[in-house]
Amino acid sequence: ERWLPLNPSLYDDQREILKMALEAERFAVWSDCGLGKMFTLLEFSRQVQHVTGGRVLIITLNELIEETLAEARKWYGDSLPIQVLESRADMRTWCA
């Protein structure tokens, strides 16, 4: 199996969105507020990291960074580390 088993806490609609996204290997989720876009994004990132052995770059609003970190800790503990890049220098280092 190419992909890891999906997080069992996903709702059915999130699971179906993820299956489509993983098959397409890229995807945009336009779900309404409160429907788990962040959880879906984190699970997609976990799957991509597993398959590629690489890293995933998440670009988001500054206002969502803390929420992203909190959701990652909530669903994945320390198994899905996230590094916050705060400058162009950080981005250059991360990309190198």
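**Reading rings, a helix and pockets**

Analyst: Let us begin with a single side chain, bearing in mind that this model is predicted. A residue counts as buried when its relative accessible area is under 20%. F39 has a relative accessibility of 4%, so F39 is buried.

User: How many aromatic pairs are there?

Analyst: Rings pair if their centres lie within 6.5 Å, and planes under 30 degrees apart count as stacked. The count here is two aromatic pairs. In one of them, the ring centres of F39 and W75 are 4.1 Å apart and the planes meet at 10 degrees, so this pair is stacked. F39 belongs to helix 2 and W75 to helix 3, and the pair links parts of the chain 36 residues apart.

User: Is W75 buried, exposed or partly exposed, and what of Y76?

Analyst: W75 is partly exposed, because its relative accessible area is 26%. F39 also pairs with Y76 in a tilted arrangement, with 6.3 Å between centres and 55 degrees between planes. Y76, in helix 3, lies 37 residues from F39 in the chain. At 9% relative accessibility, Y76 is buried.

User: How does one check the length of helix 2, and which of its residues are buried?

Analyst: The general idea is that an α-helix has 3.6 residues a turn, so residues three or four places apart point the same way. For the length, one uses 1.5 Å a residue: helix 2, residues 37-52, has 16 residues and should span 22 Å, which agrees with the 22 Å between its end C-alpha atoms. Its buried residues include M38, F39, L42 and R46. Helix 1 and helix 3 are among the elements that cover the buried residues of helix 2. After helix 2 comes G53, which has a positive phi near 70 degrees.

User: What is the volume of the largest pocket, and which residues line it?

Analyst: The largest pocket holds about 700 Å³ of space. Its lining has 33 residues, and V29, K37, M38, T40 and L41 lie nearest its centre. Helix 2 contributes the most, with seven residues. By class, the lining has 20 nonpolar, nine polar and four charged residues.

User: What does the second largest pocket look like in these terms?

Analyst: Its volume is about 580 Å³. The second largest pocket is lined by 23 residues, with L57, I58, I82, Q83 and V84 closest to its centre. Helix 2, helix 3 and helix 4 each supply at least two residues of this lining.

Technical notes
Residues are numbered from 1 along each chain as its sequence is written. This is a predicted model: local features need pLDDT of at least 70, side-chain atom pairs count only at pLDDT 80 or more; totals for chains, interfaces and linings use all residues. Side-chain values use heavy atoms; hydrogens and water are left out. Helices (H or I, at least four residues) and strands (E, at least two) are DSSP runs, numbered from the N terminus. The expected span of a helix is 1.5 Å times one less than its number of residues. Buried means under 20% relative accessible area, exposed over 50%, partly exposed in between (1.4 Å probe, protein chains only). Contact means heavy atoms within 4.5 Å. On a 1 Å grid over the protein atoms alone, a cavity is a set of points where a 1.4 Å probe fits but cannot get out, and a pocket is an open set with protein on both sides within 12 Å along at least five of seven lines; lining residues have an atom within 4 Å of a point. Grid points are joined across faces, edges and corners, and a volume is the space filled by probe spheres set on the points. Ala, Val, Leu, Ile, Met, Phe, Trp, Tyr, Cys and Pro count as nonpolar, Asp, Glu, Lys and Arg as charged, and the others, Gly among them, as polar. Rings of Phe, Tyr and Trp (its six-membered ring) pair if their centres lie within 6.5 Å; planes under 30 degrees apart count as stacked, over 60 as edge-to-face and the rest as tilted.
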